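Trainee: I am new to this model. Can we walk through a few helices and side chains together?

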Amino acid sequence: MFKGFTRFLQSPGEHLRSLFGPEDAATGEQAGPRIIPRSEHPVSRQHFSESALKVLYRLHNAGYEAYLVGGCIRDSLLGRMPKDFDVATDATPEQVRELFRNSRIIGRRFRIVHVRFGREVIEVTTFRGRPNDDHGDHLAQQSEHGLLLRDNVWGNIQEDAVRRDFTVNALYYSIADFSIHDFANGARDIESRTLRMIGDPTTRYREDPVRMLRAIRFAAKLEFHIAPDSEAPIREQAHLLLQIPPARLFDEILKLLMAGHGVETFRMLRYYGLFTMLFPETDEAMVQLPWAEGLIEAALASTDKRIREERPVTPAFLFAALLWGPVQLRQAALEAEGMPPIPALHLGSQQVLSRQLKHISIPKRFSMPMRDIWDLQQRLPQRRGKRAVQTREHPRFRAAYDLLLLREEASEVEPGLGAWWTAYQEGDEHEQQRLLEKAGGNATPGDRPKRRRPRKRRRRSSPPESP
């Protein structure tokens, strides 16, 4: 079986084509679900986590339908090792909760169940029905613009499939017989590397504008092209993202820009007019500052490289780079009004963050380090006395140093300072002393900021006794 899977990885398109007849490949229409038996596909339980299998088998043994669905099946057919496992079932959230003590029901707009196994979370969703059906009107709610505000209408697997966003995500792996149920010709679109929206794209984007961001994310991640009818409405409906809560958009931004395909995703977001809805002030800064776009692409390229190398990344650094252009414009405007540089930087940073938070919520655990990174850009050129030692000991020094290197790469500032700090970090004590002297400093590299000793209180002498 493993040898067969290896052959599939070498030419997935050829093997997927064998699953379809000539009529299917030509018309793209499908009368009903295509059942692909285990003998005709390469997806194996060996590629699934033990936690996902536990959830599937417990639901199945309790008499419920249980399927792995979405990205894990899509990635398996593409020859990628799946990482996230989503389960679809006919059991309601309450029934799932009764089966798993290690679970909790979350969400209001979409009620789902998270089953936790240590650090791994298996997401379990109940089959969804059509929100306008008689049995579900009281459980679904839409805004006047068509945005789904609440959607807890339960249905069957066929209804659930057509409610999913893209055809490649409407593939269900049955734990009962290990077959794949393809409801929307998703396997064929995988073979042609096409991302296609299920249903009318205009209506589906209006129901949930985040689907436009998902289209960009999947296209960049999977190297798929977006089907013309799914692509056409994106630009004219980009403004619908302004309806989405900023907290939800923060989560989507992390998926978009911190998945290892940030540069391509950034370019696609700009091409389709989505970036300006997420970072309006950054988009404006890129028009005024010739280096701003280059700085952002350099930061994203660095992040992509670190992810490929399985090195840690933090949203604080990426957001600091994304918003550095607007901060510089605000600071320059305030300095032109007569404000000193340091106060101008602090006030400009506050103004930029205040506006950005109206579009994307940035938790304080990231916004505070961002401001430290920005502040250190003013301190890095100051190397006299003990300032170099103090700056080097700052907990955000490394991130600030990395941003400095990217600023030089984007030609915002003249090169040289970054090389000095590189040599200072890598040099021994004598080399550090030489660098400090060259920079005009007189501190000993081994010096550390000393705490001022408390002054001893002088004992007051008693007044002389009067005669």
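Mentor: Start with what covers the buried residues of H17 in this predicted model.

Trainee: Which helices are included in what covers the buried residues of H17?

Mentor: The buried residues of H17 include Ala-292, Leu-295, Ile-296 and Ala-299. Buried means under 20% relative accessible area. The cover over these H17 residues includes H13, H14, H16, H18, H19 and H23.

Trainee: What does H17 reach from its first C-alpha to its last?

Mentor: H17 has 17 residues. At 1.5 Å a residue, 24 Å is expected. The helix comes close to that, at 25 Å.

Trainee: Is Arg-311 buried, partly exposed or exposed?

Mentor: Arg-311 sits in the loop between H17 and H18. Its relative accessible area is 40%. Buried is under 20% and exposed is over 50%, so Arg-311 is partly exposed.

Trainee: Which side chain makes a polar contact with the side chain of Arg-311?

Mentor: The distance is 2.9 Å. The partner of Arg-311 is Glu-309.

Trainee: Is Glu-281 buried or exposed?

Mentor: Glu-281 lies in H16, residues 280–288. Its relative accessible area is 9%. The cut-off for buried is under 20%, so Glu-281 is buried.

Trainee: Which side chain does a polar contact join to that of Glu-281?

Mentor: Beyond four places away in sequence, Glu-281 touches Pro-326, Arg-330, Val-352 and Arg-355. The polar contact spans 2.7 Å, and the partner is Arg-330.

How values were computed. Residues numbered from 1 in each chain as written. Predicted model: local features only at pLDDT ≥ 70, side-chain atom pairs only at ≥ 80, totals over all residues. Heavy atoms only, no water. Helix = DSSP H or I, 4+ residues; strand = E, 2+ residues; numbered from the N terminus. Buried < 20%, exposed > 50% of the residue type's maximum accessible area, 1.4 Å probe, protein only. Polar contact = N/O pair within 3.5 Å; in protein donor to acceptor, adjacent residues only side chain to side chain. Contact = heavy atoms within 4.5 Å. Expected span 1.5 Å × (residues − 1).
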